[in-house]
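Open the model in your viewer and keep the selection tool at hand. Each stop below says what to select and what is there.

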Amino acid sequence: MQTDTVPALRVSDLRKTYDNGVEALKGVSLDVAPGDFYALLGPNGAGKSSLIGIVSSLVNKSSGTVEIFGTSIDKDRDGAMRLIGLVPQELNFNMFEKPLDICVNYAGFYGIPRAQALLRAEEELKNAQLWDKADKMSRTLSGGMKRRLMIARAMMTRPRLLILDEPTAGVDIEIRRGMWQTLKAINAAGTTIILTTHYLEEAENLCRNLAIIDHGRIVTEGPMRSLLAKLDVEGFIFDIDGELPAQLPVIEGTALVASDGHTLDMDMPRAMDLNRVFAAFAAAGIRVRSMRTKSNRLEELFVRLTGKPEVTDTDALTPHAQDAQERPA
Ligand SMILES: Nc1ncnc2c1ncn2[C@@H]1O[C@H](COP(=O)(O)OP(=O)(O)O)[C@@H](O)[C@H]1O
Ligand SMILES: [Mg+2]
């Protein structure tokens, strides 16, 4: 089969019901083009890890099909798995081994001769900026280094498709940016990358295409750029001096509500002139003390598409809030 024209990943009507009855995937279909950098974006519990688990043969599917570069995981599981490198959500290497040994032994497990594995380990550890740590006990590496070691190890088999499950969850923003550089370089060198994330900022920074997944379903899919272009609505919060009038002004094309006695919440078309809003406020005797935009664009998109902000993990969908919490002590 010609592998440059078939998708790197094709998932069709994938379903997964766990033994406890939880329907984690309710008919997911998607194609990832060769060379793409693709994000599966969704809140906790959306089904991202279930999908990744099935694609990498760690989890049994209930129904549906998965093909890696045209190779079906049902017909030729080993052949399909040889094309994949997986970076799972949890660190799962032996903390008492050295990065060099971790990489070389991993390659050995895949039948790569030791001499070749040593050369590759040097290259991959250098790519991950870990070569100077190659002989240190892994336990002593920083959180970011451990994450990059997971990537270096997965790259030892020279996968055509690198899959990462929340590669930067719980790491500091500096470390996250460093990992983005590593991943961008791997993608630029020709490896297709799929990653799951609940950081909108991460998807926006890294990926050309994405699917938003929620409650086991793809809510939307397509190029990042066209998804962002859909965002023609902008939200503002106004802090008001003094009392709000009993009747708020009606401003055509906007949705205006009072969130409390001194705060107004407004959605308006991006193209609309704010002067009109201020004129209407002034006419109604509303004095604006300060204003700010409501939220991150992707967050807005996510909330609008899933339509259920109350059931999404909104903290996780606010990258900046998350970053602040996750700075290590
Ligand atoms: N081994 C399992 N057994 C039962 N339910 C599971 C199992 N793994 C995940 N789930 C459930 O499946 C749903 C999707 O989980 P998961 O795929 O881990 O989502 P995500 O990675 O997007 O957070 C959740 O409701 C989760 O509780
Ligand atoms: Mg997960």
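**The whole chain**

Begin with everything shown: of the 329 residues of the chain, 37% count as buried. A residue is buried if 20 or more other C-beta atoms lie within 10 Å of its own, exposed if 12 or fewer, and partly exposed in between, with C-beta atoms placed from the backbone. This is a predicted model: local features need pLDDT of at least 70, side-chain atom pairs count only at pLDDT 80 or more, and totals for chains, interfaces and linings use all residues. Residues are numbered from 1 along each chain as its sequence is written, while chains are lettered from A and ligands numbered from 1 in the order in which they are written.

Now color by secondary structure. The chain has 11 helices and 14 strands. Helices (H or I, at least four residues) and strands (E, at least two) are DSSP runs, numbered from the N terminus. Among contacts in the chain with a separation of 6 or more, 69% join residues 24 or more positions apart. Contact means that two C-beta atoms, placed from the backbone, lie within 7 Å.

**Ligand 1**

Select ligand 1 next. Which residues surround ligand 1? They are Tyr18, Asn20, Val22, Ala24, Gly42, Asn44, Gly45, Ala46, Gly47, Lys48, Ser49 and Ser50. A residue is near a molecule if its C-beta atom, placed from the backbone, lies within 6 Å of it. Helix H1 (residues 48-55) gives the largest share of this shell, 3 residues. By type, the shell holds 4 nonpolar, 7 polar and 1 charged. Here Ala, Val, Leu, Ile, Met, Phe, Trp, Tyr, Cys and Pro count as nonpolar, Asp, Glu, Lys and Arg as charged, and the others, Gly among them, as polar.

**Lys48**

Stay in helix H1 and pick Lys48. Is Lys48 buried or exposed? Lys48 is buried, because 25 other C-beta atoms lie within 10 Å. Beyond its neighbours within four places in sequence, Lys48 is in contact with Leu40, Gly42, Asp165, Thr196 and Ile213. Lys48 and Gly216 are 168 residues apart in sequence, yet 8.1 Å apart in space, C-alpha to C-alpha.

**H3 against H4**

Select helix H3 (residues 99-109) and helix H4 (residues 114-127): their axes come within 9 Å and cross at roughly 130 degrees. Axes are lines fitted to C-alpha atoms, for helices over the stretch in contact, and angles run from 0 to 180 degrees between N-to-C directions.

Show the side chains. From H3 come Pro99, Leu100, Cys103, Val104, Ala107 and Gly108; they meet Arg114, Ala117, Leu118, Arg120, Ala121, Glu124 and Leu125 in H4. This contact divides into 9 nonpolar, 1 polar and 3 charged residues.

After H3 comes Gly111, with a positive phi near 80 degrees.

**Two positive phi values**

Go to the loop between strand E4 (63-68) and strand E5 (71-72), and select Phe69. Phe69 is not a glycine, but its phi is positive, about 45 degrees. Phe69 counts as buried, with 21 C-beta neighbours inside 10 Å.

Finish at Gln129, in the loop between H4 and helix H5 (143-155). Gln129 also has a positive phi, near 55 degrees, in a residue other than glycine. Gln129 is partly exposed, because 15 other C-beta atoms lie within 10 Å.
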